[in-house]
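Student: I've got the model open and I'd like to learn how to read it. Can we go through it feature by feature?

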Amino acid sequence: MLSSRIGILGGGQLGLMLLQAAVDWNLDIHVLDPDAEAPCRKIAPHFTQGSLQDFDTVYHFGKELDVITIEIEKVNVEALEALEKEGKKVYPQPSVIRQIQDKRIQKQFYAEKQLPTAEFILTENREDVANYLSFLPAFHKLGKDGYDGRGVQRLTSANDLDKAFDKPGLLEKAVPFEKELAVIVARNANGEVETFPTVEMVFHPEHNLVEYLFAPAEISDDVNAKAQEIARKTAEAFQIVGLLAVELFLTPDGEVLINEVAPRPHNSGHHTIRANATSQYEQHWRAILNLPLGSTHAYGPSAMVNLLGEDGYEGPAVYQGMEKLLATPEVFPFLYWKAITKPFRKMGHITIMDADIASLKAKADFVRDNIKVISHKTK
């Protein structure tokens, strides 16, 4: 399978890191992305500019390839289904992508499979939400097209109804939680499964993006066992081939609930490039090419800081503080080939390692406070 022609739908930063892992194995990679300046453009052996949501574009891109995968869920599933029927290997499978694309279907799937998740109610429009005031506080989530924190609104009372989406969605009960966790699980076509160590995510207070994470999560052995088991059971329930990132809530009473999943490499696994024996990106190739899955052994404690565009700046990116960063031991920057910065745009990430947890956290704070992505142009 290493000689196969492989396509990636999406050429953003996840595709970029998949490409970097593919270089080591001489994989023949073809990338489709609508942006002529997508991060993958500069290093992809074959790059096609085109829509990920247009049937003909996706179908014609895939028909000359052997294996097709994704780095973003917002793709034309009908085209992938047609390619699969013609014998192309499409991983994750179109059926899995279709289930995960719509949060309504995704949540119903958890209920059907008896996977733990917060209580929810399906809603059809804003008017429908008004029928469930007694269910508040809750999060109103768009069924489709929510991404990176978009498509989610917290509703606490009738005063917030104007924030509700006037499209099909769901109300998810706001559950108290102590930590947000994530487990990335890989599964190949032979049914072999491997999980990465559980990580703890800290979100930006305003923009619902992961600001930084720590690995391993500071949780009890019992909670860790629950998180790992839920991730495995979820991957098995979907019968996914590839990676599945399982985001979880840890409640004050020790319950672990599924928040959402992503059928691809994920922000919660960036650190694995340096911190683990096999990165999530190499593991993805192993899974979709039906090769033995690699060891997920962690070399030690690690952290990851997302590098977001500073608020108030939009224009050619300038990275402030790189000299301080590079003078710090066991700190590794990964920049995403994005020429233009915008407020809170993901521009890169920094992986940090240290045997001492206190020192690790101090370095994470230092990195967060001292490296900034700005522009000489203000917004």
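Tutor: Strands (E, at least two residues) and helices (H or I, at least four) are DSSP runs, numbered from the N terminus, and two strands pair if DSSP finds at least two bridges between them. Leucine 142 stands opposite glycine 169 in β9. Bear in mind that this is a predicted model, where local features need pLDDT of at least 70 and side-chain atom pairs count only at pLDDT 80 or more, while totals for chains, interfaces and linings use all residues. Residues are numbered from 1 along each chain as its sequence is written, and side-chain values use heavy atoms, with hydrogens and water left out.

Student: What is the strand order of the open sheet of four strands?

Tutor: Read across, the order is β6-β9-β7-β8, with antiparallel pairing. β6 (120-123) and β8 (152-155) are the edge strands, each pairing on one side only.

Student: How do I describe two packed helices?

Tutor: Give the angle between their axes and the distance between the axes. Axes here are lines fitted to C-alpha atoms, for helices over the stretch in contact, and angles run from 0 to 180 degrees between N-to-C directions. For α4 and α5, the axes come within 5 Å and cross at roughly 105°. The two helices are therefore roughly perpendicular to each other, a label for angles of 65 to 115 degrees. Arg98, Gln99, Ile100 and Gln101 in α4 meet Lys103, Ile105, Gln106 and Phe109 in α5, where contact means heavy atoms within 4.5 Å.

Student: And which residues have the most contacts inside the largest nonpolar core?

Tutor: A nonpolar core is a set of buried Ala, Val, Leu, Ile, Met, Phe, Trp, Tyr and Cys residues joined through side-chain atoms within 4.5 Å. Buried means under 20% relative accessible area, with a 1.4 Å probe and protein chains only. The largest core has 25 residues, and Phe238, Leu244, Val246, Leu248, Ile258 and Val261 have the most contacts inside it. α7 gives the most to this core, with six residues. Apart from it lies another core, of 24 residues, including Met17 and Tyr336.

Student: How many residues of helix α1 are buried?

Tutor: Nine of the eleven residues in α1 (residues 13-23) are buried, so the helix is mostly covered. Its buried residues, among them Leu14 and Met17, pack against elements including β1 (5-9), α9 (280-288) and β21 (346-353).

Definitions and conventions:
Buried means under 20% relative accessible area, exposed over 50%, partly exposed in between (1.4 Å probe, protein chains only). Angles under 35 degrees count as roughly parallel, over 145 as roughly antiparallel, 65 to 115 as roughly perpendicular and the rest as oblique.
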